[in-house]
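I wanted a record of what I looked up in this model.

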Amino acid sequence: MIEQLFGKKNDSPYTLRWHEKIAEIPQTAWDAMALPLATPFLEWEWLHNLETSGSVKPRTGWQPCHLTVWHHQTLVAAAPLYIKGHSYGEFVFDHQWADLAHRLGIQYYPKLLGMTPFTPAVGYRFLIAEDEDELKITEMMVNEIDHFCIKNNLSGCNFLFVDPQWQTVISQFGFTAWMHHSYIWSNKNFNNFDDYLKIFTSDQRKNIKRERKAVLKANLVTKNLVGDEIPHYLYPYIYKFYSNTCDKFYWGSKYLNKQFFEQLYPNYSHRLMLVVAHREDNDHIPVGMSFCIRKDENLYGRYWGSLAEYDCLHFEACYYKPIEWGIAEGIKMYDPGAGGSHKRRRGFPATANHSMHRFYNPRMSSILRHYIDEINQGSIEEIKAINDDLPFTKKEINLNV
């Protein structure tokens with residue numbers, strides 16, 4: 001525990017504490033607040049695995065600095081937070097703000113960050129017990145965060161990929177919303193994959209069918225494996241494919257290590273869904289794989305890779321097979337992860353999300369507030385331009401985008 005503040009001030013029954021690792025916080029108490037949420041990425045096991053695997057630690061530029069609130073001896077609120085000395089692994093690209101601060105002679109790093117590391121998926125928020133006054137607890141936490149940042153010379157506090165409902169709460173405490181976009185698939189009560197194909201123009205329907213056939217022509221078989229269906233020997237392969245993709249396309253983005261993926265078994269395996277590709281004559285050794293997380297009606301595509309170049313296998317493993325499986329399983333939302341050039345042509349409209357920011361330097365704060373409306377208007381126009389170009393029928397564009 002870093003330090004304990006607030007205490008019994010004014011005879012308050014609440015205590016606020018800072019923690020250098022999530023292991024200091026009881027899993028059962030944390031998950032009592034995290035499990036009811038739509039996102040799986042604020043659950044104790046996922047965050048704990050990031051830390052114990054060594055993927056998240058001060059040496060990688062992610063210093064855990066979690067804030068908790070206790071009512072006497074009972075945990076009633078928590079916020080996963082990290083002190084950052086860089087902006088890598090965030091997927092909200094604030095380098096222009098860092099560059100501006102440099103030109104103004106203002107120190108931008110370190111900063112305080114609220115998000116699940118390396119995970120550009122909407123859902124971040126403070127965890128607050130259901131029977132507590134959310135606004136009261138939030139105010140206490142924000143005041144403590146402000147005190148902590150100013151005391152430790154942190155440039156600002158930033159919450160990324162925030163839960164839209166929580167955004168309305170945190171906005172009341174002076175945080176500024178910055179708009180971005182993700183590519184999200186929504187289930188429009190599709191009965192099957194052919195039903196889903198009907199939203200596309202004739203040319204794009206033919207293209208998708210051609211891409212799926214290309215995988216079969218390569219003598220590859222793909223299958224979905226969920227939870228206990230995933231054999232233990234496949235877990236090291238997840239890292240192998242992830243590592244290969246990072247080395248090939250995204251140099252410097254290998255944030256997770258082999259231990260992280262191996263530690264998903266067995267305590268987090270119930271959340272996993274893999275699309276595994278193998279040759280017809282060898283169903284034991286995968287040649288490609290996509291790695292997804294499921295929670296209730298939400299599916300999240302995280303990583304993918306293959307051992308060789310197979311025509312259209314990426315589209316099959318990352319888009320078509322998860323969508324086909326998701327329709328059968330009642331999935332309502334599929335977030336396939338960062339990037340968009342391929343996704344927009346395959347049924348993933350651009351969808352707004354927000355990050356929330358506070359700078360403690362008055363000049364930076366003033367500039368942010370002055371220009372943010374113009375910046376957000378640019379994002380709105382970009383989202384509209386992307387969605388106007390989707391290969392959907394006019395009816396689907398009008399109803400669904």
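**Ground rules.** I am working with a predicted model, in which local features need pLDDT of at least 70 and side-chain atom pairs count only at pLDDT 80 or more, while totals for chains, interfaces and linings use all residues. Residues are numbered from 1 along each chain as its sequence is written, and side-chain values use heavy atoms, with hydrogens and water left out. I took helices (H or I, at least four residues) and strands (E, at least two) as DSSP runs, numbered from the N terminus.

**Entry 1: the sheet.** I looked up the strand order and found six strands in an open sheet, β3-β6-β7-β9-β17-β10, with mixed pairing. Two strands pair if DSSP finds at least two bridges between them. β3 (62-64) and β10 (176-183) are the edge strands, each with a single partner, so one side of each has no neighbour in the sheet. I noted an average twist of 30° from one strand to the next.

**Entry 2: strand β9.** I then checked both partners of β9. β7 (residues 111-114) runs parallel to β9 (residues 156-159), and three bridges join them; Gly114 has Phe159 as its bridge partner. With β17 the direction is antiparallel, and there are four bridges. Asn158 stands opposite His357 of β17. Are the faces of β9 buried or exposed? Gly156 and Asn158 on one side, and Cys157 and Phe159 on the other, are all buried (under 20% relative accessible area; exposed is over 50%, partly exposed in between, with a 1.4 Å probe and protein chains only).

**Entry 3: helix α11.** I found α11 (residues 362-388) lying across β10 and β17 (350-359), at about 25° to β10. Axes are lines fitted to C-alpha atoms, for helices over the stretch in contact, and angles run from 0 to 180 degrees between N-to-C directions. Helix α3 (residues 95-103) packs on α11 at about 140°, with 12 Å between the axes. Trp97, Leu100 and Ala101 of α3 make the contact with Met364, Ile367, Leu368 and Ile375 of α11 (contact: heavy atoms within 4.5 Å).

**Entry 4: helix α4.** I compared the length of α4 (residues 134-151) with expectation: its 18 residues should span 26 Å at 1.5 Å a residue, and the end C-alpha atoms are 25 Å apart, which agrees. The expected span is 1.5 Å times one less than the number of residues. At the start of α4, a side-chain oxygen of Asp133 comes to within 3.2 Å of the backbone nitrogen of Leu135. After α4 comes Asn153, with a positive phi near 60°. Among the buried residues of α4 I listed Ile137, Met141, Glu144, Asp146 and Phe148.

**Entry 5: helix α8 and Phe261.** α8 (residues 235-249) has 15 residues and reaches 22 Å between its first and last C-alpha, close to the 21 Å expected. Its buried residues pack against α9 (258-262), β13 (272-279), β14 (288-295) and β15 (298-306). I picked Phe261, which lies in α9. Phe261 counts as buried because its relative accessibility is 0%. Which residues does Phe261 contact, leaving aside neighbours within four places in sequence? Tyr235, Ile238, Tyr239, Tyr242, Leu256, Phe291 and Tyr303. Of these, Tyr235, Ile238, Tyr239 and Tyr242 are also among the buried residues of α8.

How values were computed: Polar contact = N/O pair within 3.5 Å; in protein donor to acceptor, adjacent residues only side chain to side chain.
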